[in-house]
Amino acid sequence: MLNFENDPSSIFDLEELHQGNVKSVLFKLEMDSTNDLAVKLLQQNTLKLPAIILTEMQRAGRGRGNNQWITSEGALTFSLVLPPNSQLQLTLLSLVAGLSIVRMLETDYGLQPELKWPNDVLVTEKKIAGILIETKPNGWIVGVGINVNNILSLDSATSLREQLGQQQDLQKTVSRQIQHFYATQTLAFEQPQQFVEQCEKQLAFLGEEIELVSGSQTVIGKLEGLDRSGGLNVQTTTGVQTIHSATRIRPKR
Ligand code: BTN
């Protein structure tokens with residue numbers, strides 16, 4: 001399965017992406033959301049996994065916690081659909097996805113990214129990438145949005161082009177990202193302790209006072225690091241709390 005609806009792409013080389021671990025590549029010039037299409041195809045049970053679903057223009061991208069993910073032209077948006085894996089808990093999968101983007105931005109683009117737990121990626125304290133993970137019984141969807149060639153001119157977000165001062169090759173970015181995802185997943189399987197340490201080293205706001213919202217609870221305290229399962233350790237006035245999911249985290253400066 002390669003080219004959905006026979007759309008031509010002047011940006012992506014689908015044959016090149018259809019290699020190694022990836023068993024199917026689905027491409028459409030435009031679509032509402034790569035995660036939505038992944039959900040639909042998993043329901044129909046027609047996807048050979050692992051699969052990549054990608055588009056040049058996502059019209060109705062979704063972010064975490066019912067947020068929208070506004071995609072402007074030049075952003076990279078795709079979903080990696082993986083077979084469910086009992087070896088990897090969801091918190092760790094989030095961290096694998098986040099750390100893999102951090103490693104790509106460092107090694108391939110020479111930037112100094114930070115991991116905003118669990119899986120936003122910041123450069124110069126601005127968001128450059130976000131991940132939306134959704135799980136279905138027959139497949140896990142890792143939706144990735146990376147600001148590559150889009151010009152944002154925002155205090156809260158940035159792109160590779162803004163950081164590096166020149167246009168980037170989206171095909172290279174997506175294929176590097178997939179390679180880093182698999183390498184990071186292998187590290188998490190084979191050396192879980194080292195993996196969590198690497199995530200911790202890249203953590204945004206480490207050692208700082210933060211405020212986070214987890215369910216109906218607001219937690220304020222010093223971000224101490226990660227526990228073995230990838231949960232966030234926060235030193236509060238009543239002791240250390242380990243947080244496993246949060247909708248909002250911000251430094252209390
Ligand atoms: C977030 O930061 O809240 C997560 C953003 C995730 C956006 C990506 S873009 C590709 C995939 N399809 C979607 O609809 N969302 C994810």
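Author: Let us start with burial. A residue is called buried when its relative accessible area is under 20%, exposed when that area is over 50%, and partly exposed in between. Please keep in mind that this is a predicted model.

Reader: Is Q171 buried or exposed?

Author: Q171 has a relative accessible area of 7%, so it is buried. This residue lies in helix α5.

Reader: What share of the residues in the protein is buried?

Author: Buried residues account for 52% of the 253 residues.

Reader: What does the radius of gyration say about the overall form?

Author: The value is read against an expectation for the chain length. For 253 residues, a compact globule would have a radius of gyration near 18 Å, and the protein agrees because its own value is 18 Å. Along the principal axes, the C-alpha atoms fill a box of roughly 60 × 40 × 35 Å. The secondary structure comprises 6 helices and 14 strands.

Reader: Let us turn to charged side chains. How many salt bridges does a search of the whole structure find?

Author: Side chains of opposite charge can pair when their charged atoms come close. The search of the whole structure finds 7 salt bridges. One of the pairs is R62 with E134, whose closest N and O atoms are 3.0 Å apart. R62 belongs to strand β3 and E134 to strand β8, so the pair ties together parts that are 72 residues apart in sequence. R62 is partly exposed at 32% relative accessible area, whereas E134 counts as buried at 17%.

Reader: Which side chains meet E211 in salt bridges?

Author: R248 forms a salt bridge with E211, with 3.3 Å between the closest N and O atoms. This pair links strand β14, which holds R248, to strand β10, which holds E211. R250 also meets E211 in a salt bridge, at 3.2 Å from N to O; R250 lies in strand β14 and is 39 residues from E211 in the chain. E211 is buried at 13%, while R250 is partly exposed at 41%. Elsewhere, E30, D32 and R59 are linked in a network of salt bridges.

Reader: Which residues form a negative surface patch?

Author: The patch consists of D13, E15, E16 and D169. D169 sits in the loop between α4 and α5, and its relative accessible area of 39% makes it partly exposed.

Reader: Which residues other than glycine have a positive phi?

Author: Among them are N45, with phi near 60°, and F205, with phi of about 70°. N45 is in the loop between α2 and β2 and is exposed at 60% relative accessible area. F205 lies in the loop between α6 and β10 and is buried at 11%.

Terms used
Residues numbered from 1 in each chain as written. Predicted model: local features only at pLDDT ≥ 70, side-chain atom pairs only at ≥ 80, totals over all residues. Heavy atoms only, no water. Patch = residues over 30% accessible without salt bridge, like charges linked within 9 Å, V, L, I, M, F, W, Y side chains within 5 Å. Areas by Shrake-Rupley, 256 points an atom, 1.4 Å probe, with all protein chains shown as cover. Salt bridge = Lys/Arg side-chain N within 4 Å of Asp/Glu carboxyl O. Lys, Arg positive; Asp, Glu negative; His and termini not counted. Charge placed at Lys NZ, Arg CZ, Asp CG, Glu CD. Helix = DSSP H or I, 4+ residues; strand = E, 2+ residues; numbered from the N terminus. Buried < 20%, exposed > 50% of the residue type's maximum accessible area, 1.4 Å probe, protein only. Rg over C-alpha atoms; globule rule 2.2 N^0.38 Å.
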